[in-house]
Amino acid sequence: MSKDKYYKALCILCSMSYFISYITRINYQAVISEIVAAEGITKTVASFAVTGLFITYGIGQIISGFLGDKIDPKLIMFIGLGSASLFNLALPFCPNIYIITAVWTLNGFAQALIWPPLVKILSVNLSPDKYETAVYWVSCASAIGTLSVYFFAPVCISLSGWRSLFIICGALGVIGSILWIACTSKMQLATSLPTVKEAQTPSESKKSIKLFDIIIVMLIALAAQGLLRDGIATWTPSYLSETFGIGTEISILTSVVLPISTLVFYRVTSFVMHRMGGNEVITGAVLYAAFAVSAVLLLLIGKLNVILAVLLLMICSGLAHGINYSLISIAPRRFKDTNVSTMAGTLNFSVYVGSALSTFGFASLTEAWGWNATIISWVSISLVGILLCLSISKKWKERLMK
């Protein structure tokens, strides 16, 4: 196989796998407003399953990251994809919301076995330019997966109820996981870079301390991003339904435009990043600032018209995903000469700490104080994100942008 064909095959396989990961992970969020209506439960109770998934997904990121640097990453990905698919197939047969919550919480750990090993595979097998291109297409696959779920969810609800969505996603996941292991087993994938051990100098020791400081701030900034990204994704259908009085099927279908904006904002993020000299952290600060402006506009004029509200939510969602693309998808390449899978997992863990807080937290905040309070909290969180990114931008450039 030529290098070009090898690159394309690897890119396609990783994109397919991440597509499967997304359709078997965010489908519950897509129908959560229908679950609330159909099962006669509150938003808070329905959110327990998503919160459970985010918690186990976040904790699992650290474990998965460590394993990705110790064990064959393609095998770890196969286990993750296959297990997630089986949990999706099991969920429609759960008799109540508590069993559903338990199954979906387990699904979170299965899903955690996918991203860190995927980053490891791409980073050690591709050049920096090829890596960035591959990660772009993998990120697009996640957006297309989200688009597919939010498009088919209302169809499934109308024809046979919300449970049928999980059967479809689970079946596709089983097929995808089999394709992954069958194809990658025939490819000679590197699992690590050759390393040369050198004694650590005092200068290198100081750099390690500085790197630790950078990572701590990044973890907090990424938790803020997780709050915003998944808070919007989870509760947009409810916001549209409660604000404009439209049915859950229509509100979910309206939300299908959110992942379309994500595809656009991946390109916007790449453009901003190159204008910022390739500095992923400065790029994050710029996108956080744009998010703050968009959220203020949503607060002030969003209730005037459903189309205007959807447009502003599209922009907010796209910007949040852009921050994720910059700091989670692109930034880990800076750690290629160390434990890249561990680093990717650690950073992604922080995102899902925020995600877990977003689902339960925004549900409780909305039920207690209304949507205006929730949107104000989005603005506040984005302002914190700006300050955090700016505080480490210079250190990031000095320490990692070599």
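## Salt bridges across the chain

In this predicted model, the side chains of Glu-39 and Arg-163 meet in a salt bridge at 4.0 Å, N to O, the term meaning a side-chain nitrogen of Lys or Arg within 4 Å of a carboxyl oxygen of Asp or Glu. The pair links distant parts of the chain, with Glu-39 in helix α3 (residues 32-39) and Arg-163 in helix α9 (residues 163-184), 124 residues apart; helices here are DSSP runs of H or I of at least four residues, and strands are runs of E of at least two, numbered from the N terminus.

Glu-39 counts as partly exposed because its relative accessibility is 39%, where buried means under 20% relative accessible area, exposed over 50%, and partly exposed in between (1.4 Å probe, protein chains only). Another salt bridge joins Lys-120 and Asp-69 at 2.8 Å, N to O, and both of these residues are buried.

## Overall fold

The chain has 16 helices and 0 strands. Its radius of gyration, taken over C-alpha atoms, is 20 Å, close to the 21 Å that the globule rule gives for 402 residues, so the chain is as compact as a globular protein of that length; the rule is 2.2 Å times the number of residues to the power 0.38. Buried residues make up 58% of the 402 residues.

## Basis of the values

Residues are numbered from 1 along each chain as its sequence is written, and side-chain values use heavy atoms, with hydrogens and water left out. Local features need pLDDT of at least 70 and side-chain atom pairs count only at pLDDT 80 or more, whereas totals for chains, interfaces and linings use all residues.
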